[in-house]
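Reader: Hi! I have a new model open and would like to walk through it with you. Could we start with one of the helices and then move on to the sheet?

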Amino acid sequence: MAPSIQTKDGIAFVQGVPHTPRDDSTYLLLHGLGNSFNFWNAVAPSLGTVNRTVALDIPGFGRSATPTGGFTFDHAAKKISDFSRKLDIRNCIVVGHSLGALVALRLVGLDSTRFKRLILVDGTLGRVVRLLKCPQSVIQHPALGVYVAAQFAGGLLPLGDRGARIIGYTPIIRALTLWPYVSNPNDLNPKMAAEALAKNGGISVAKVLGEACRFDYVTLMQAISQPVDLVWGERDHLINQDDIRQARSLVTVERELEIADCGHWPMIERPTELVDFILSWGDTSAGGAARH
């Protein structure tokens, strides 16, 4: 049975709490902007059998309320920080995907005692942020510009359950619409794809573009004192080795995982590998962080 959707202070979320958790950690899952907590449907249940796991809709997206003044990274991070405190989320491992990683970075920078670790899933987007700040640089990086434009254009289109099912269960439409995001669209589990895409998209994505243009990515990264893990898809066209090297120079990277034959959505394309990597930290019986 799927967990019931709850709402607190305008933030919609689902959570799983095992009868006997491994320790007192909580996994807090933050989706990419334009997405919803549905993106974690193939990951959250497995994490929730080990430790408390909370997946939420970032304010302004999915089922969460739109902020009165519109979306900003700072407001979203502060709202989620207050939410975490009210839900008594402590000893927290924050997992941030794609541009949701900017919210995650801002969040863990607010409170190093509550948020103890950060896992960036395809979130080392230094080149993307630089392109958004300086669009004319697309001349030097035309392929990156194509993928950035395609991803944001897709994100602007609101998808309800019916539209998500059409994409998920129709191979030709899935291939035509999901090529910017995944390595092999027609290798996806149709049910998983349809569930992930429901409640996606909307005009708020345009606001994210403006916010990302104003954000100082380097300063944001340098403010992080907690250990960071990096995960990315081998075929993610938004990230290359320069982005990974930049991240290593700015934060304390403890573990890394490049997932073979995977694009920008590891939680949908390779959920088992992502879950195994997340859980391997702190699992002393399996050798913990030394495994990666």
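**Helices, sheet and a few single residues**

Author: Happy to! This is a predicted model. In helix H8 (residues 190–197), the buried residues are Ala-193, Ala-194, Ala-196 and Leu-197.

Reader: Nice. How do the buried residues of H8 fall when seen down the axis?

Author: They fall within an arc of 165°, so they line one face of the helix.

Reader: And which helices do those buried residues pack against?

Author: The partners are helix H6 (161–169), helix H7 (171–178) and helix H12 (266–269).

Reader: What's going on at the start of H8?

Author: There, a side-chain oxygen of Asn-189 comes to within 2.9 Å of the backbone nitrogen of Lys-191. Just after H8, Lys-199 has a positive phi of about 70°.

Reader: Thanks! Now the sheet, please. What is the strand order?

Author: The order is E1-E2-E4-E3-E5-E6-E7-E8, an open sheet of 8 strands with mixed pairing. Strand E1 (6–8) and strand E8 (253–259) are at the edges with a single partner strand each, so one side of each has no neighbour in the sheet. On average, neighbouring strands are turned by 25° against each other, direction ignored.

Reader: Do E3 and E5 pair in what sense, parallel or antiparallel?

Author: Parallel: strand E3 (residues 26–30) and strand E5 (residues 92–97) pair over 5 bridges. Leu-30 stands opposite Gly-96 in E5.

Reader: Which strands does helix H3 touch?

Author: Helix H3 (residues 100–110) packs on the sheet and touches E3, E5 and strand E6 (115–121). The direction of H3 makes about 155° with that of E5.

Reader: And where does H13 lie?

Author: Helix H13 (residues 271–280) lies across E3, E5, E6, strand E7 (228–233) and E8. H13 runs at about 165° to E8.

Reader: What about Cys-92 and Cys-262, buried or exposed?

Author: Cys-92 is buried, at 0% relative accessibility. Cys-262 is buried too, with a relative accessible area of 0%.

Reader: Good to know. I also like to check backbone angles. What is the phi of Asp-88?

Author: Phi of Asp-88 is near 55°, which is positive in a residue other than glycine. Most residues other than glycine have a negative phi. Asp-88 lies in the loop between helix H2 (73–86) and E5.

Reader: How accessible is Asp-88?

Author: Asp-88 counts as partly exposed because its relative accessibility is 43%, and the range for that label lies between 20% and 50%.

Reader: And what about the phi of Asp-122?

Author: Asp-122 has a positive phi of about 50°, although it is not a glycine. Asp-122 sits in the loop between E6 and H4 and is buried, with a relative accessible area of 0%.

Reader: Last one: where is Arg-127, and what does its side chain join?

Author: Arg-127 is in helix H4 (residues 126–133). Its side chain and that of Asp-243 are joined by a polar contact of 2.9 Å.

Reader: Is Arg-127 buried or exposed?

Author: Arg-127 counts as buried because its relative accessibility is 14%, and the label applies under 20%. Leaving aside neighbours within four places in sequence, Arg-127 is in contact with Leu-144, His-237, Leu-238, Ile-239, Asn-240 and Asp-243.

Technical notes. Residues numbered from 1 in each chain as written. Predicted model: local features only at pLDDT ≥ 70, side-chain atom pairs only at ≥ 80, totals over all residues. Heavy atoms only, no water. Helix = DSSP H or I, 4+ residues; strand = E, 2+ residues; numbered from the N terminus. Buried < 20%, exposed > 50% of the residue type's maximum accessible area, 1.4 Å probe, protein only. Polar contact = N/O pair within 3.5 Å; in protein donor to acceptor, adjacent residues only side chain to side chain. Contact = heavy atoms within 4.5 Å. Arc of directions from axis to C-beta. Pairing = 2+ DSSP bridges. Axes fitted to C-alpha atoms, helices over the stretch in contact; angles between N-to-C directions.
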